Every structure is written in C-alpha cells, then in structure tokens.
Amino acid sequence: MRFMRSALMSASLVAATVPVAGVSAHASTIVMGSYPDKLLVVDETSGKVVDKIQLASGLPTALRLSNDKKRIYTTTITNSGIEVLDAATRKVLNSFSLNTPTTRYRFTGGVPDHTGRYYYTILMQFDKQVDRYKVGKWQYATIDLVQKKVVKAVDIPEDDNPLNAARANMMLSPDGKLLYIFRDKVLILNTSDFKTVDKIDMAKPEGAGLENNSFGGGVELLRNNDEYVSLFTAADPYLHNKIFGIGRFKLASKTFDFTPIGPAPYQMAGLQVTPDGKQAYTVVTQGTIGNKRCEFWHFDLSDNKVLNKAEFPCRSRFQFGMSTDGAKLYIYGASYDIEVYSAKTLAWEKTWNLEADATMAGMVYTP
C-alpha cells in the first residue's frame with residue numbers, strides 16, 4: 001500500500017465528502033426528502049417547491065445519484081424500502097419494501113452497482129418469533145433490485161467494528177468489482193462475496209507521528225466516482241494536538257494524499273467543492289448548546305489554504321450543501337426551509353420556505 005506526502009499520518013475523517021467535478025453546472029432542480037413519505041423537488045432559481053413525489057415505502061433516509069447521473073436511489077425507513085427514480089423525469093421506476101410479515105430490516109443508504117441491478121448496503125435483520133423479535137448481526141448485503149430481496153448477506157467480523165460500519169460511506173471501484181468502506185479504517189471488499197481484499201488501518205502507520213484515525217460518512221453528492229475527497233484531522237501521539245487538512249483517496253491506485261492546513265477546530269462537517277474543483281467550503285462548529293458557534297470556512301484547493309471565514313446562526317441539527325454552479329451555500333435539514341448564503345461573500349441572502357419538514361436524507365441535483 002502506498003501513501004503520498006503526509007499520508008502516513010493517522011487521520012480522522014470528520015465530514016461527509018463531496019468529491020470534485022462531474023455534475024453539470026446547469027442542473028436546476030434539487031431533490032430532497034421530507035416527512036412523512038415524500039421527496040421534494042425544488043427549483044434552484046426561485047427556491048419554490050415545484051413537485052412532491054410520493055414514496056410508497058415511507059420516510060426517505062438517504063439519497064444517491066447513480067454514476068451515470070440517470071437514476072436516483074432512495075432508501076426509506078418506514079418499511080425498509082428502496083425507491084428508484086428516473087433523474088430526468090423524476091418518475092418512480094422501482095419501489096419495494098424488504099420487510100415481510102416475519103422479517104424486518106434496518107439500513108441507511110448504500111451504493112448501486114453500475115448496471116443498476118444490485119444495491120450494496122450494510123443492514124441488520126430482525127426475525128419475528130413467538131414471543132419476541134430475534135435481532136441479527138450487522139451484515140454486508142446485496143439487494144437484487146429486480147427480485148426485490150436480499151440475495152446475499154455476510155456477517156461483519158467483530159474486529160471490523162460492525163457498529164461503526166452501520167453508517168459508513170461506500171463507493172465502488174470503476175469496474176464495480178470492489179466495494180470501498182470508509183470509516184475508522186478503509187476496507188476493500190470483493191462485491192461477489194464480501195471477502196476482504198485489503199484493509200488500510202491507518203491508526204498505526206509506519207513511520208508516522210500521528211494517531212487516532214477514523215473515516216466517517218454521510219449523504220453526499222458524488223461528483224467524481226474515482227476519488228474520495230474530504231476533510232481530515234490528525235493528532236500527535238504525545239501532546240495529542242490536533243491539526244486538520246484535506247485528504248484525497250484514489251480508488252483505483254488506493255493511494256491517500258493528506259495535506260495539513262492548521263489547528264483543528266471542535267467539529268467540521270460537509271466539504272463542498274465547486275464544479276471547477278478549485279474552491280471548497282465547510283462548516284465549522286465550536287462549543288455546544290448555548291455556547292455553540294458556527295462558521296463557514298472557504299478553502300483554495302490549489303494551495304490548500306483557508307481564504308476567509310464567516311459566522312452564521314447555528315441550528316441544533318442541519319446539513320450543508322452547495323448550488324450546482326458553486327455560487328450559493330445551503331443550510332438545511334430537520335427544518336421547513338433552506339437558508340441561502342453567497343459563496344463569494346459568505347453572507348446570508350434569502351430563505352426558501354419549503355412548507356414541509358425536510359429529513360436529513362441530503363440533496364441530489366437533476367436537470
């Protein structure tokens with residue numbers, strides 16, 4: 001396994017990732033989840049909800065755009081379902097629930113294969129017995145979208161920390177044969193049998209002066225299917241001082257490039273990269289509850305420097321997004337609105353009223 005520059009440092013992923021390039025800057029609609037069982041279609045120019053899509057399987061918990069940008073995959077929690085939509089027309093192409101009268105499942109998100117036939121995820125199974133439900137172990141699973149059922153499930157080994165795996169970020173290799181799991185370590189699995197091909201444990205790298213590595217994840221707009229880009233923090237093993245930087249993990253070569261930037265703040269979330277790949281933004285949170293303070297941080301990716309910062313009103317829970325042209329920043333989720341900020345000045349511009357309670361399922365963008 002090769003690591004580049006400071007990649008031998010142990011790092012901790014603290015944000016959902018948004019790899020760069022690939023989504024058209026001319027896309028004009030946002031698709032996002034809302035309670036209790038709908039997707040909202042929001043016009044990016046006016047901020048108006050122009051359509052509501054009913055989901056037969058219930059509350060949306062995760063959204064993902066296919067690599068070819070033609071399909072939207074939505075997972076739901078009410079009936080443990082999957083809904084597949086045509087990205088252009090936003091019509092539901094496939095809708096089903098995995099639950100049966102005697103078996104239930106719990107999963108959040110995953111990744112579809114390149115053919116659109118299979119969906120890879122991490123799930124837990126519950127089997128109804130005479131007096132109780134038997135709770136299964138966390139498993140890697142393949143869902144057949146044609147047969148509409150789980151066709152393969154393999155228990156996650158205990159030494160791979162199944163609890164942390166439950167909400168891991170997932171990506172597929174360009175040929176679809178390897179599944180990448182990003183959490184407290186990087187796992188590379190065969191999609192055919194979920195056997196481990198490689199395990200990158202960066203907690204104790206050779207020659208490193210840093211420790212405490214973990215990869216996190218959330219719902220993200222995938223702009224580049226071959227590279228995983230996010231913010232990382234790292235701590236030295238002596239004084240435990242933390243620094244943060246930008247890391248890039250290339251799926252094909254399995255190389256990790258980490259560039260330190262400066263002292264790490266309390267919490268960072270939601271790296272958003274402009275379509276040209278030159279600028280990036282994140283949200284930094286300092287303190288908790290009454291002392292909580294939130295800021296936008298603007299990066300120049302050409303030299304990995306912080307260009308400017310600006311405080312904005314915190315929410316107890318929220319997600320961070322960006323417009324398709326990179327000109328606007330969005331604060332949304334667990335609320336009835338989207339706060340719109342200028343990416344250039346980091347100043348508030350307007351509030352879009354959704355007239356519906358948005359879930360934390362994230363956003364995808366369609367033409």
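User: How many aromatic pairs does the count come to by this rule?

Analyst: Rings of Phe, Tyr and Trp (its six-membered ring) pair if their centres lie within 6.5 Å; planes under 30 degrees apart count as stacked, over 60 as edge-to-face and the rest as tilted. Under this rule the count comes to 9 aromatic pairs. One aromatic cluster is formed by Phe296, Phe312, Phe318, Phe320 and Tyr341. This is a predicted model, in which local features need pLDDT of at least 70, side-chain atom pairs count only at pLDDT 80 or more, and totals for chains, interfaces and linings use all residues. Residues are numbered from 1 along each chain as its sequence is written, and side-chain values use heavy atoms, with hydrogens and water left out.

User: Which residue lies over the face of tryptophan 297?

Analyst: A charge sits over a ring if NZ of Lys or CZ of Arg is within 6 Å of the ring centre and within 35 degrees of the ring normal. Here, lysine 309 lies over the face of tryptophan 297, at 4.1 Å from the ring centre.

User: Why is strand β19 largely enclosed by the rest of the structure?

Analyst: Strands (E, at least two residues) and helices (H or I, at least four) are DSSP runs, numbered from the N terminus. Buried means under 20% relative accessible area (1.4 Å probe, protein chains only). Strand β19 (residues 227-235) is largely enclosed because 9 of its 9 residues are buried. In the chain, buried residues make up 53% of the 367 residues.

User: In which sense do β19 and strand β20 pair?

Analyst: Two strands pair if DSSP finds at least two bridges between them. β19 and β20 (residues 242-250) pair in the antiparallel sense, over 9 bridges. Threonine 233 has phenylalanine 244 as its bridge partner in β20.

Note on methods:
Buried < 20%, exposed > 50% of the residue type's maximum accessible area, 1.4 Å probe, protein only.
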